[in-house]
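Open the model in your viewer and keep the selection tool at hand. The tour goes from one selection to the next and says what is found at each stop.

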Amino acid sequence: MSTLTAQLDQLRGDAPTSRHNARTIAALTANPGCARRALLDAAAVDKAAIAQALGHPPQFGQSQFAITRGNAFEAMVKATGCAELLALLRDKLELTIPEVAYHDLGTVGENAGNAVRYQRTRQLLAHAVQSGEGTMFDHPMLRLDIAGVAAYLEPDVVALQIDGQFHVVEIKSFPVVDGRADPVQVASAARQSAVYVLALRELMTDIGESPELVSHNAILVCTENFTNRPTAELVDLRKQLAVIYRQLSRLTSIPALAETLPPDATFEPGDKLAATIAAIPSRYAPECMSTCDLAFACRAEAKACGSIDVLGRGVCDDVGGIDQMDTVLGLANGTLTPGPEHADIAEKLRIAHRLRLEIAG
Ligand code: SF4
């Protein structure tokens, strides 16, 4: 066991666990400067349980109904060795897919462990590249390095040899109505698919093949016009791939972060938890409210210490370099005298303050 793995195991202790998935990695890239989230995710700790223990439970998440509906739709599309999916890809996207082999990698023999499934996925993909056969992989297991720690990921399907390339297939139960889908849901699905494409490209490099064998186009399968019928679209992921690749490479190194914690730090529920969390630097932004289970806890902390972060990055940029609410208010109402570096910002704040008083008064 590596030193880092042992360190993370010790930090986690008996705390409830939760593994990375494409959704959490895509969300991680929404706030790449947050050391707190990076370390909690690397230690595979359940952030929702931590937030609950800190007295700030998360207030978002998919409803049980949506989860059940999504699972039922995916099962229907993948029934009988992905027969429906194959017909859809041929008809709807006019893809020239020959007869395909089908491999379910949900388990390897009786073994459902991530490492074993990853090895089997690697082996079968290497064979598929060599043989050039059309192949569909159901529940493949991929791996992506997140700030020095391997995260296992499971795309819905990987299809091989559509014009000589592997394609990630993402199955979502939200509707496409008259050819249009909710842009927020499409963007979220595209970010998740981009994470899978990166992981698949990493695997290709690992087995000595070109990462370009993995297409930047993912296949998004959704429901059609509020029915249960599937429809499919190709989604170009080049922009998402560039953003996620850049963000992942900027994530703070986990080994360096773990080194900064005191020896008795722990994520286990108990009297040391709050101090441990407080010792890890965070970077709260309003976007956290829709992407991280700890959002209410971090917002309360940022408010309590008068941080300007609670107002969002736009405001932080506008007041360039001033990070305390008291300072901003003092400069605005004239009770503080600015240094030369803040003279222009203070001038703008005073104008805004005066206008506000005029409107209010
Ligand atoms: S809510 Fe807290 S831990 Fe999560 S990303 Fe935001 S600042 Fe980081």
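Begin by selecting H3, helix H11 (288–291) and H12, each of which supplies at least two residues of the lining of the largest cavity. Helices (H or I, at least four residues) and strands (E, at least two) are DSSP runs, numbered from the N terminus. On a 1 Å grid over the protein atoms alone, a cavity is a set of points where a 1.4 Å probe fits but cannot get out, and its lining residues have an atom within 4 Å of a point.

Before moving on, note that this is a predicted model, in which local features need pLDDT of at least 70, side-chain atom pairs count only at pLDDT 80 or more, and totals for chains, interfaces and linings use all residues. Residues are numbered from 1 along each chain as its sequence is written, and side-chain values use heavy atoms, with hydrogens and water left out.

Stay at the largest cavity, whose volume is about 110 Å³; a volume is the space filled by probe spheres set on the grid points, which are joined across faces, edges and corners. Of its 14 lining residues, Asn31, Cys34, Arg37, Cys288 and Cys292 lie nearest the centre. The lining has 8 nonpolar, 3 polar and 3 charged residues. Here Ala, Val, Leu, Ile, Met, Phe, Trp, Tyr, Cys and Pro count as nonpolar, Asp, Glu, Lys and Arg as charged, and the others, Gly among them, as polar.

Now show the ligand. Which space does the ligand take? The ligand takes the space of the largest cavity, where sitting in a cavity requires more than half of a molecule's atoms within 2 Å of the grid points. Helix H3 (35–42) and helix H12 (295–304) are the elements that give two or more residues to the shell around the ligand. Select the residues around it (a heavy atom within 4 Å); among them are Arg36, Ser282, Arg283, Tyr284 and Cys298. By class, this shell has 7 nonpolar, 2 polar and 3 charged residues.

Next, go to the second largest cavity, of about 30 Å³. Helix H7 (183–206) and strand E8 (217–224) each supply at least two lining residues, and H7 gives the most, with 4. The lining includes Val186, Ser193 and Leu220, and has no charged residues.

For the last stop, select Asp9 and Arg12, both in helix H1 (residues 3–12) and 3 residues apart, about one turn of the helix. Their side chains meet in a salt bridge at 2.4 Å, N to O. The term stands for a side-chain nitrogen of Lys or Arg within 4 Å of a carboxyl oxygen of Asp or Glu. The whole structure has 11 salt bridges.

Note on methods:
1 Å grid on protein atoms, 1.4 Å probe; cavity = no way out; pocket = protein on both sides within 12 Å on 5 of 7 lines; lining within 4 Å.
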